Amino acid sequence: MPGFEWFGNEERKEVQDVMDSGVLFRYGFDQARKGHWKAKTFESDLSQRVGSAHCHLCSSGTAAVSIALAACGVGAGDEVIIPPFTFIATVEALLTAGAVPVFADIDETLCLDPDILESALTDRTKAIMPVHMCGAMARIDEIKSFCDRKGLILIEDACQSLGAAFNRKSVGTFGRMGCFSFDPVKTITCGEGGAVVTDSPDLYSIAAAYADHGHDHVGNDRGLEGHPSLGTNFRISELNAAVGLAQLKKLDRILEKQRRNKKILKEAMQGLPGVGFRKLPDENGDSATFLSFFMPDENKARSLIRAFAAAGIDSCFYWYDNNWHYLRNWSHLKKLSAPARLPLTLLKNCPDYSTIETITSDRIMSRAISMQIKLSWTDADLGLRIEKLLKVFKD
Ligand SMILES: Cc1ncc(COP(=O)(O)O)c(C=O)c1O
């Protein structure tokens with residue numbers, strides 16, 4: 001997820017435009033901004049890139065998920081089915097909305113398994129939020145048809161997977177709304193930023209208003225704008241948007257390099273004892289931020305990750321032990337520990353998260369290892385990495 005590896009004069013120029021105009025706010029100041037509308041331009045470029053009718057840029061991926069929930073009318077007491085392998089932000093956005101996260105297992109795509117969704121349904125289920133993890137896609141066509149059949153809202157957390165596509169259709173564009181993140185470690189970055197995309201003009205209007213205190217953005221006097229709804233402040237600044245605008249122009253080159261590096265690594269690892277690769281519903285659509293694979297059992301995965309560290313093979317992730325990306329270590333969620341009482345605790349349908357088990361997901365995650373794919377690797381770096389890898393497996 002390395003957009004930051006390729007910062008250069010392009011980002012500097014976009015930021016300089018903003019500094020020269022002195023307008024850091026994304027709305028208004030039409031004269032002073034000298035034609036520079038960084039957030040607005042980013043929105044239309046991103047819409048075009050992912051093939052959505054509308055896009056609203058915001059302050060983070062977490063904000064994007066909150067905005068999507070609000071725009072889709074998901075709120076207090078509504079159950080939303082999510083996978084236990086995600087970044088905690090997905091859960092936090094739900095809790096902030098007063099909605100109830102309901103965990104359903106993943107499969108070997110490392111994403112929500114469409115085959116077990118039925119068993120997670122209750123009469124309070126309002127939405128399903130698959131998370132396209134580690135740069136690649138869930139079985140999104142099957143999840144979408146399940147949602148359509150059941151009349152459920154589909155919101156995609158595609159925060160980690162800009163550039164990924166299933167059958168040439170961008171992730172994030174299958175559901176009612178899709179969410180992206182441009183935080184500092186994502187495929188492209190704004191420093192901090194996020195976006196929601198949708199084909200619905202109505203959802204777009206609600207989202208854009210909600211993210212800016214309910215402003216309808218009609219007219220030339222901000223103080224006299226209408227407020228169709230209450231909202232909050234999830235605005236992005238022009239400075240952040242400027243960085244992202246330059247980065248977006250590099251997306252295709254970034255994807256090309258990632259895919260090439262991943263392919264070389266994957267080919268080198270074919271046939272290594274015990275190694276089975278992550279299932280990809282559409283391998284050509286993988287954004288290739290990671291190469292993920294499974295070992296036959298937890299012990300073998302643990303000893304391999306130790307051997308990689310000892311051999312100096314960096315940027316390898318064993319998510320099963322990670323405190324932020326997998327339910328197993330979310331002790332704060334299990335205790336519902338928050339600075340103030342969560343609305344969830346007032347609900348009858350609040351599950352006891354301390355006793356929740358996701359055994360199938362444990363079985364998958366305890367065997368999974370992800371290697372980050374870097375843009376900065378030279379062919380010599382890649383060659384050395386492969387040499388070390390092969391030696392680890394031989395020893
Ligand atoms: C799956 C997922 N959802 C949401 C987020 C939140 O994005 P941000 O860090 O921009 O708030 C992240 C960030 O890592 C993520 O990985």
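Two strands are taken as paired if DSSP finds at least two bridges between them, and the strands (E, at least two residues) and helices (H or I, at least four) are themselves DSSP runs, numbered from the N terminus. The structure is a predicted model, in which local features need pLDDT of at least 70 and side-chain atom pairs count only at pLDDT 80 or more, whereas totals for chains, interfaces and linings use all residues. Residues are numbered from 1 along each chain as its sequence is written, and side-chain values use heavy atoms, with hydrogens and water left out.

On these terms, an open sheet of 4 strands is found, with antiparallel pairing and the order β10-β11-β13-β12. Strands β10 (276-277) and β12 (316-317) form the edges, and because each has a single partner strand, one side of each is left without a neighbour in the sheet. The pairing of β12 with β13 (residues 368-372) is antiparallel and runs over 2 bridges, and Phe-317 has Ser-370 of β13 as its bridge partner. Helix α10 (residues 298-310) packs on this sheet, where it touches β11 (290-294), β12 and β13, contact meaning heavy atoms within 4.5 Å. The direction of α10 makes about 25° with that of β13; axes are lines fitted to C-alpha atoms, for helices over the stretch in contact, and angles run from 0 to 180 degrees between N-to-C directions.

A helix pair is formed by α2 (residues 38-50) and α8 (residues 238-249), whose axes come within 8 Å and cross at roughly 35°. The crossing is left-handed, that is, the near helix is turned anticlockwise from the far one by less than a right angle. On the α2 side the contact is made by Lys-38, Ala-39, Thr-41, Phe-42, Asp-45, Leu-46 and Arg-49, and on the α8 side by Glu-238, Ala-241, Ala-242, Gly-244, Leu-245 and Leu-248. By class, this contact has 7 nonpolar, 2 polar and 4 charged residues, where Ala, Val, Leu, Ile, Met, Phe, Trp, Tyr, Cys and Pro count as nonpolar, Asp, Glu, Lys and Arg as charged, and the others, Gly among them, as polar.

Grid points are joined across faces, edges and corners, and a volume is the space filled by probe spheres set on the points. The largest pocket has a volume of about 470 Å³ and is lined by 23 residues, with Tyr-27, Gly-28, Trp-37, Lys-40 and His-217 nearest its centre. Helix α2 gives the most to this lining, with 4 residues, and the lining comprises 8 nonpolar, 8 polar and 7 charged residues. The second largest pocket holds about 370 Å³ of space, and of its 24 lining residues Phe-87, Gln-160, Asp-183, Lys-186 and His-325 are the closest to its centre.

The structure holds 1 cavity of 30 Å³ or more, and the volume of the largest cavity is about 60 Å³. Its lining includes Lys-262, Lys-266, Phe-290, Leu-291 and Ser-292, and β11 supplies the largest share, 3 residues. The lining of the largest cavity divides into 4 nonpolar, 1 polar and 5 charged residues.

Key: On a 1 Å grid over the protein atoms alone, a cavity is a set of points where a 1.4 Å probe fits but cannot get out, and a pocket is an open set with protein on both sides within 12 Å along at least five of seven lines; lining residues have an atom within 4 Å of a point.
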